[in-house]
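Have a look at the fold first, then read on.

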Amino acid sequence: MFKHILRSLAGGPVTESAPPASDAALAELGGRLGAAAQRRLGRSLAIREVDAGSCNGCELELHALSNPLYDLERFGIRFVASPRHADVLLVTGPVTKNMAEALRRSWDATPDPKWLVACGACAVDGGVFAGSYACVGPVEAVLPVDLRIPGCPPRPAEILAGLLALLETSAAPVSGRAG
């Protein structure tokens, strides 16, 4: 034990340094996303995240979007606490039987224009939970999905790129849909 403590005190940190972020590429991606939200909505983009039964891997990546490295709010994108304030309902995880009705209610509470995004392999196709007795299935089994962001979990830059693609390619707001 003493040997371990001495090694810890004499040595440096055992953690690895973070990979270098491409600040220019991230700033360009975030800037484009913020500009697309302004063009499309006339204001910033508000996202309500719904965990429909995930392992929390996707939530960790979503939380990373708010850390000082990505700082999503500098681009005018923000997470909100209520679906009533959201433009995008971003769903992670396969939809469990207990969350299916809550997801439908969240969708119904989101004002138009609104989009539904399935984030992560489990939300897209059920992932490792596909076929489980406790799951209804992927998000598309409950509500029509506008965007699928694959990955287990998708990286923050991939999530930003997906949201940008959603805003740039959606010709008309989706409204009046619900399952």
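The protein chain exposes about 9,600 Å², and carbon and sulfur atoms supply 57% of that; accessible areas come from the Shrake-Rupley method with a 1.4 Å probe, and for residues only the protein chains shown count as cover. Bear in mind that this is a predicted model, where local features need pLDDT of at least 70, side-chain atom pairs count only at pLDDT 80 or more, and totals for chains, interfaces and linings use all residues. Residues are numbered from 1 along each chain as its sequence is written, and side-chain values use heavy atoms, with hydrogens and water left out.

Of the 179 residues, 41% count as buried (under 20% relative accessible area; exposed is over 50%, partly exposed in between, with a 1.4 Å probe and protein chains only).

Now for helix α4, residues 100–109: its buried residues are A100, L103, S106, W107 and A109. (Helices are DSSP runs of H or I, at least four residues, and strands are runs of E, at least two, numbered from the N terminus.) Their cover includes β1, β3, β4, β5 and β6. W107 also has the charged end of K114 sitting over its ring, 4.4 Å from the centre (the rule: NZ of Lys or CZ of Arg within 6 Å of the ring centre and within 35 degrees of the ring normal).

What about disulfides? A search of the whole structure finds 0, taking a disulfide as a pair of cysteine sulfur atoms within 2.5 Å.

| Cysteine | Closest cysteine sulfur | Distance |
|---|---|---|
| C55 | C122 | 6.0 Å |
| C152 | C122 | 5.7 Å |

C55 counts as exposed because its relative accessibility is 57%, and C152 does so at 68%.

Terms used. Contact = heavy atoms within 4.5 Å.
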